[in-house]
Amino acid sequence: MSYTQKGSAVSESFGEDRPAQVRGKFNRVLLIGVIAPLALFYGLRWLGVNQFLALLAGAAIPVAEALHGLVVRRRIGGVPLFMLGTMGMSVAMSSVTGSARMLLIRNGWGMAALGVWMLCTLFFRRPFLYEAARVILDEDKQRVWEANWDRHPPFRRLLWTCSAFWGAACLIDASVRVGMAMTLPVDLVPVLDDVLLAVTLVVILLFQRFYGRSYLGRHGLRRQGVRISPLAGGEAARPRAAS
């Protein structure tokens, strides 16, 4: 599971062109978090290595990247710490039970935690999607984003609704991951995990794009990049304090 992939998807979903730096980070995450672990796992299985060790080796690649960020770059972030914690818990439980399936469900735990956190932001001053977009945007576009929030109540309601959808989708994704890990053949689950991530992101982005466009249109608004503006003849945008 890639949290950075989800962050990049936020910018795409609002029609934002990603800078080269963001694209580079996305490609790095795709390589380290998806391609390399799958290649190593299936390569080791082809060589006859048992499922537990092959899964552990595949998981070691993103863990090493997280440790690199913590130790070499001296950056301590919530996502790397959480990933290391879930990995350590999974390895410990797998060692006790002797089950490779306990290693497989770590992605389900991660998605569940992400979904719960997204839903918790509904009780904050700003929801998940508002803050996630601000992290990605440059300073000029951040000011436009903040102006959208201040001036257009429908835009605020849309971000609350879509943030709730993201959280619910992550929880559904997590339950499916756990179900796959506990019932399907172990060798099949790693690739299905990544297929499921792609399906989840597509569903979220399609909902957000089409529902968002329809919702704003019903309220006389349209989105142009990160800017929200009135439709011709639509409701005028009046500056209002954020609720």
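**Helix pair, salt bridges and a nonpolar patch**

So, H7 goes past H8 in a left-handed crossing, meaning the near helix is turned anticlockwise from the far one by less than a right angle, with clockwise being right-handed. Before I go on: this is a predicted model, where local features need pLDDT of at least 70, side-chain atom pairs count only at pLDDT 80 or more, and totals for chains, interfaces and linings use all residues. Residues are numbered from 1 along each chain as its sequence is written, and side-chain values use heavy atoms, leaving out hydrogens and water.

Back to our two helices, which, like strands, are DSSP runs numbered from the N terminus (helices are H or I, at least four residues; strands are E, at least two). How do you describe two packed helices? You give the angle between their axes and the distance between the axes. Here, H7 is residues 128-136 and H8 is residues 139-151, and their axes come within 9 Å and cross at roughly 160 degrees. That makes H7 roughly antiparallel to H8. The axes are lines fitted to C-alpha atoms, for helices over the stretch in contact, with angles from 0 to 180 degrees between N-to-C directions. Under 35 degrees counts as roughly parallel, over 145 as roughly antiparallel, 65 to 115 as roughly perpendicular, and the rest as oblique.

Now, salt bridges: a side-chain nitrogen of Lys or Arg within 4 Å of a carboxyl oxygen of Asp or Glu. By that rule we count six. One of them is Arg134 with Glu146, closest N and O atoms 3.0 Å apart. Arg134 is in H7 and Glu146 in H8, so this pair ties together parts twelve residues apart in sequence. Glu131 joins Arg134 and Glu146 in a salt-bridge network. Staying in H8, Arg143 bridges to Asp140 at 2.2 Å between the closest N and O atoms, and those two sit three residues apart, about one turn of the helix.

Which salt bridge links distant parts of the chain? Asp187 and Arg45 meet at 2.9 Å, N to O; Asp187 is in the loop between H9 (153-183) and H10, Arg45 is in H2 (residues 20-46), and they are 142 residues apart.

Last thing, the surface. Tyr42, Leu188, Val191, Val195, Val199 and Val203 make a nonpolar patch of about 440 Å². H10 (residues 189-218) gives the most, four residues. Val195, in H10, is partly exposed, with a relative accessible area of 44%; buried is under 20%, exposed over 50%, partly exposed in between (1.4 Å probe, protein chains only). Patch residues have over 30% relative accessible area and no salt bridge, with like charges joined within 9 Å and nonpolar side chains (Val, Leu, Ile, Met, Phe, Trp, Tyr) within 5 Å.

Definitions and conventions: Accessible areas come from the Shrake-Rupley method with a 1.4 Å probe; for residues, only the protein chains shown count as cover.
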